[in-house]
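Please look over the structure shown below. A series of questions and answers follows for a reader who is new to it.

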Amino acid sequence: MREPSAELIVDIGVIRKNILYLKSLLNPETKFMAILKANAYGHGLKEVTLGIDDIVDGYGLVRIHEALEIRENSSKKILLMQGVYNNQDFDLANKNDLDLVVHNDDQLFILDNPNINIWIKINTGMNRLGFSPKSFSSIYKKHLTKRQFTLMSHLACSDNPLDDLNKKQFNAFDEVSKNVQTNHHKSIGNTGCIINYPNQGFDWVRSGIGIYGGYSADNTLQSAMTFRSKIIEIKDIKKGDRVGYNGRVIASKDIKIAIVYAGYADGYPQSTFDKTKVSINNKEVNIFGQVSMDLISIDISDISNCKIGDWCTLWSSKDSINNHIANNNLISYELMTRITDRVKVSFK
Ligand SMILES: *Cc1c(COP(=O)(O)O)cnc(C)c1O
């Protein structure tokens, strides 16, 4: 066998399907911004851009070097969602026709340049970034009555429609918008908003996790990633024997385990609990023992035809990434973005 490696296979076709599905939930006038921050949530910035450029209206990023990489491959709108923090980056943004968010007083210098497309971020209740409605009001009067801009906010719990904070944020957003006398665009929706509040799409939605298929409450969306590695060892374990570091898990009967060539150094969380589901030869099997740096142990007692060299799929379009989150106190966003450099990446 060649030296094995954990593999990440990104299916751009799945990302396209997810985008078209999300767009179908929205008013056709609403523009769709694909959020590609953090290397397209770990999926590969350039490949994703080239693969979806014809079906999106723009891109949202946080780091300027990523925005510039997209600019090499697309002439569509590119928004730096936290703006810029110095003059040098401002010049680069201006030269490359990037839209800029302004979210605090230190960024007000951006408003001095009339050529920049401005998004003003207001804090409607998430209390992380953005101007209070009151500060916004004075900035508006001073700088914005004579220019087009986009009013923007971000939701804290759009994936949970039962949480009152959603309504509170929508109301605050509405209130601020009502007090703006001039024509302006609006954007508050992320993936959870598109799914749970499709009528709050306004002019632009900004969708990240949904396009990659990491949104757990919607079964139409599929994981665009396949994360897998090969079995390099199979062992019989006697009843009462303990497996892996700390001997965390004890065999309650005679069992067979497979050792898979992937671990936390590939980005698979060390903290994962036993019984987390993965897949071998299209059968669901459970993690058995603590994940180590290079290895994961799996209980394969229930599958007969398993051998060294077979693939173990941690997640894929059929084996949901969300199997790994709930019991392990993780989110799909983190799993996607923590896959490390030594994993072999390919695209289809
Ligand atoms: C990351 C991000 C998004 C995308 O959110 P998802 O939940 O991944 O759809 C939207 N807006 C802002 C400001 C973000 O930082």
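Q: What distance separates the centres of domain 1 and domain 2, taken over C-alpha atoms?
A: The model is a predicted one. Its domain assignment gives domain 1 as residues 12-212, and domain 2 as 225-316 together with 318-347. Taken over C-alpha atoms, the centres of domain 1 and domain 2 are separated by 37 Å.

Q: How many residues does the contact take from domain 1, and how many from domain 2?
A: Contact here requires heavy atoms within 4.5 Å. Counted in this way, the contact between the domains takes nine residues from domain 1 and six residues from domain 2.

Q: Is F173 buried or exposed?
A: F173 has its place in helix α7, which spans residues 165-178. A residue counts as buried when its relative accessible area is under 20%. The relative accessibility of F173 is 0%, and therefore F173 is buried.

Q: What distance separates the C-alpha atoms of F173 and L151?
A: Leaving aside neighbours within four places in sequence, F173 is in contact with several residues, among them I122, L151, I188 and F202. L151 and F173 are 22 residues apart along the chain, and their C-alpha atoms are separated by 8.6 Å.

Q: Why does N322 count as buried?
A: N322 is found in the loop between β17 (311-315) and α10 (332-337). The cut-off for a buried residue is a relative accessible area under 20%. N322 falls within that limit because its relative accessible area is 16%.

Q: Which residues is N322 in contact with, leaving aside its neighbours within four places in sequence?
A: The loop that holds N322 runs between β17 and α10. Once neighbours within four places in sequence are set aside, the contacts of N322 are G214, Y215, S216 and S332.

Q: What percentage of the residues of the chain count as buried?
A: The chain has 10 helices and 18 strands. It exposes about 16,700 Å², of which carbon and sulfur atoms supply 46%. Of its 348 residues, the share that counts as buried is 51%.

Q: How far apart are the mean positions of the positive and negative charges of the chain?
A: The chain has 42 positive and 39 negative charges. The distance between their mean positions is 2 Å.

Technical notes. Residues are numbered from 1 along each chain as its sequence is written. This is a predicted model: local features need pLDDT of at least 70, side-chain atom pairs count only at pLDDT 80 or more; totals for chains, interfaces and linings use all residues. Side-chain values use heavy atoms; hydrogens and water are left out. Helices (H or I, at least four residues) and strands (E, at least two) are DSSP runs, numbered from the N terminus. Buried means under 20% relative accessible area, exposed over 50%, partly exposed in between (1.4 Å probe, protein chains only). Accessible areas come from the Shrake-Rupley method with a 1.4 Å probe; for residues, only the protein chains shown count as cover. Lys and Arg count as positive and Asp and Glu as negative; His and the chain ends are not counted. The place of a charge is taken as NZ of Lys, CZ of Arg, CG of Asp or CD of Glu. Domain bounds come from an automatic or database domain assignment.
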